[in-house]
Amino acid sequence: MLTIRNLEAYYGAIQALKGVSLHVLPEEIVCLIGANGAGKSTLLHAISGLVPLAKGEITLDGVSLIGRSPEEIVSLGISQVPEGRQIFTPLTVLENLELGAYQRFRRERRRQISREIERIFQLFPVLKERRSQPAGTLSGGEQQMLVIGRALMSKPKLLLLDEPSMGLAPIVAKEILQIIRDLRESGTTILLVEQNAKMALSLADRGYVLETGKIILEGETSELLQNREVKRAYLGKGRKGFLEE
Amino acid sequence: MIWNKQMECLPRKQLEQIQIERLQSTLNRAYKNVPFYQQIFEQNRIIPEKIRSVADLAHIPFTTKENLRDNYPYGMFAVPLRDIVRIHASSGTTGMPIVVGYSANDMRHWAEVVARIMTAGGVSKEDIVQIAFNYGLFTGGFGLHHGAETMGATVIPASSGNSRRQIMIMKDYRTTALVCTPSYALYLAEVMGEMEITKGQLALRVGLFGGEPWSESMREEIERKLGLSATDNYGLSEIMGPGVAGECQEKDGLHIAEDHFIAEIIDPDTGQVLPYGEQGELVLTTLTKEALPMIRYRTHDITRLNPEPCRCGRTHVRMERVRDRTDDMLIVRGVNVYPSQVESVLTEIEGTSPHYQIIVDRKGALDELEILVEVKEGFFFDEMKRLRSFKEKVEEKMESALGISARIKLVEPKTLERTQGKTQRVVDRRKQR
């Protein structure tokens with residue numbers, strides 16, 4: 001579905017991605033793990049067309065994404081859930097969701113969009129309860145649900161999730177985790193970026209380890225969990241466990 | 001049957017994507033963790049991220065057995081020793097062996113690729129697999145064992161030697177799959193004759209043979225004498241061990257596990273990469289090895305690659321059966337022997353000049369190794385006792401260095417035939433047959 005070859009991208013003057021190649025197959029959850037500044041978010045932004053001057057190849061079902069505008073990329077079927085729950089706080093929950101269908105609004109009838117909103121409400125019943133509330137009054141977890149719901153409004157083939165557990169209480173993070181699992185069950189393909197490597201590896205089918213803009217390991221998540229280098233660097237053992245490793 | 005249909009029958013385009021991803025991460029890890037590769041890359045001004053395709057591999061220098069020897073024992077490992085769960089060794093060109101290590105994931109991948117060649121060779125989980133390869137530092141026994149066990153087959157770790165017992169086990173335990181070297185399979189057939197056991201009394205169905213070159217006529221002979229379907233498989237310890245490639249039921253070339261290894265054919269003299277179909281030396285690059293990544297390792301095995309789709313459905317390229325080598329390595333009873341190993345043993349022992357001749361022959365089904373050693377002037381040929389103890393000393397040292405026994409024959413000075421002042425080091429009479 002998504003194929004990336006030799007992707008290079010700059011974050012200001014810094015080369016954030018140095019020849020990254022990866023792929024995501026239909027109905028797969030693939031995760032990208034790595035430390036702060038490894039280039040994870042830059043990679044998602046490059047896919048979404050938010051990084052000017054990205055070099056290399058990015059194709060979605062054979063269609064090249066390089067040089068396309070973010071709007072075009074959304075209409076080709078990629079939707080990104082940005083890091084840090086970027087919602088429109090003064091707008092209501094419903095309005096936020098409607099904005100997610102902005103691309104489709106002109107093309108499709110309002111009724112279809114309402115049907116889509118109903119589907120999102122089924123997925124996240126709490127959003128239905130709060131439909132008329134300003135989005136800014138939602139809790140952290142609810143806001144995260146709203147961003148995911150908003151991204152789903154464009155009916156993406158591929159969902160890019162940037163740090164969905166960030167800043168959430170563990171119990172809420174778990175809830176989000178379950179939602180991502182449900183999404184996969186319903187056939188959504190996901191590329192997930194997470195600093196919480198343990199969570200990402202327990203959720204995804206395959207993973208890539210990014211280090212200073214380069215992929216240094218890849219494989220099935222069961223294998224990455226076995227890799228002692230991954231354990232030492234990303235699975236943050238307690239001090240005792242660390243010494244034992 | 002196909003063990004891993006998804007990977008073994010992957011469309012070439014997807015396979016190529018997986019290869020480039022894994023190649024890049026292997027290069028990044030080798031550069032980061034192995035001083036030898038860091039040095040090679042820096043000396044040749046190679047930046048790992050500039051390798052953008054499999055074809056770009058041609059810019060990277062080869063890795064040789066000598067590099068492994070120079071970094072003996074653990075210098076080429078890409079992970080700390082505490083991450084290594086298994087050590088094996090293979091014969092080096094001189095006295096020093098080559099040490100190879102495996103991480104937990106490497107062991108899993110090894111079992112996976114062996115399960116593939118076993119399935120391709122016709123083994124299923126219903127089979128009783130007798131593994132008559134040496135279990136020890138040599139990768140053969142344990143490598144094939146893990147693969148068979150992973151498949152869920154019933155494994156009999158018979159190990160090598162004691163042929164009468166092997167046959168007794170085959171008969172009584174109802175072995176259905178035999179795994180050993182092809183020459184040992186023929187030898188077993190001979191011993192069966194001596195024991196008056198016929199193939200009809202055995203339950204053998206399939207045989208996986210490897211570790212040494214063998215011919216189509218030998219295949220027919222084994223199949224006829226043991227009443228089984230015989231396939232060839234290929235591997236080498238430096239890369240992983242058995243499992244690198246294996247024949248399918250078409251018996252027309254060995255499928256290389258291309259999601260784990262990249263195969264190239266080069267001109268052994270110039271190092272130039274040759275196109276598919278041309279004969280040359282096989283060069284292998286590992287794609288998933290964590291403990292000991294090998295980049296463009298020269299195997300010294302002569303073969304050619306066939307990219308044509310196979311009727312079995314597998315998409316991985318096939319290599320022709322290996323018949324020859326670019327170096328002087330001999331394979332005797334499945335064990336790799338270098339003339340230089342013999343030479344270094346002889347120079348160590350006082351009283352021998354380095355004039356020697358290695359004679360390999362096949363008596364019946366078994367290889368025999370004889371080493372003629374020219375002694376210096378004034379040697380004590382007239383003292384039987386001293387002579388015998390000297391001969392025994394050489395035999396003992398030779399066996400511990402080579403890993404197989406050799407018959408030593410001492411000859412008078414200047415009796416070995418010399419061409420242009422040099423002794424012909426190796427006479428392989430097996431080839432003359």
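Where chains A and B meet, chain B brings 16 residues to the contact and chain A brings 18. The model is a predicted one. On chain B, two elements each give two or more residues to the side that touches chain A: α2 (12-33) and α5. The largest share comes from α2(B), with nine residues. What kinds of residue make up this side of chain B: nonpolar, polar or charged? Eight are charged, five are polar and three are nonpolar.

Now turn to the interior. In soluble globular proteins, nonpolar side chains tend to be buried together. Here the largest nonpolar core holds 91 residues. Within that core, B:Val129, B:Ile131 and B:Val179 touch the most other members. Helix α5 (residues 104-120) of chain B supplies the largest share, eight residues. A second core is separate and has 66 residues, including A:Ala46, A:Ile117, A:Leu192 and A:Tyr208.

Take a look at B:Val179.

Finally, step back to chain B as a whole. Chain B is divided into domain 1 (5-326) and domain 2 (335-432). Their centres, taken over C-alpha atoms, are 31 Å apart. The two domains touch: nine residues of domain 1 are in contact with 11 residues of domain 2. On the domain 1 side, helix α8 (residues 182-194) of chain B gives the largest share, four residues. That side of domain 1 has six polar residues, two nonpolar and one charged.

Terms used
Residues are numbered from 1 along each chain as its sequence is written. Chains are lettered from A and ligands numbered from 1 in the order in which they are written. This is a predicted model: local features need pLDDT of at least 70, side-chain atom pairs count only at pLDDT 80 or more; totals for chains, interfaces and linings use all residues. A nonpolar core is a set of buried Ala, Val, Leu, Ile, Met, Phe, Trp, Tyr and Cys residues joined through C-beta atoms within 7 Å. A residue is buried if 20 or more other C-beta atoms lie within 10 Å of its own, exposed if 12 or fewer, and partly exposed in between; C-beta atoms are placed from the backbone. Two residues are in contact if their C-beta atoms, placed from the backbone, lie within 7 Å. Ala, Val, Leu, Ile, Met, Phe, Trp, Tyr, Cys and Pro count as nonpolar, Asp, Glu, Lys and Arg as charged, and the others, Gly among them, as polar. Domain bounds come from an automatic or database domain assignment.
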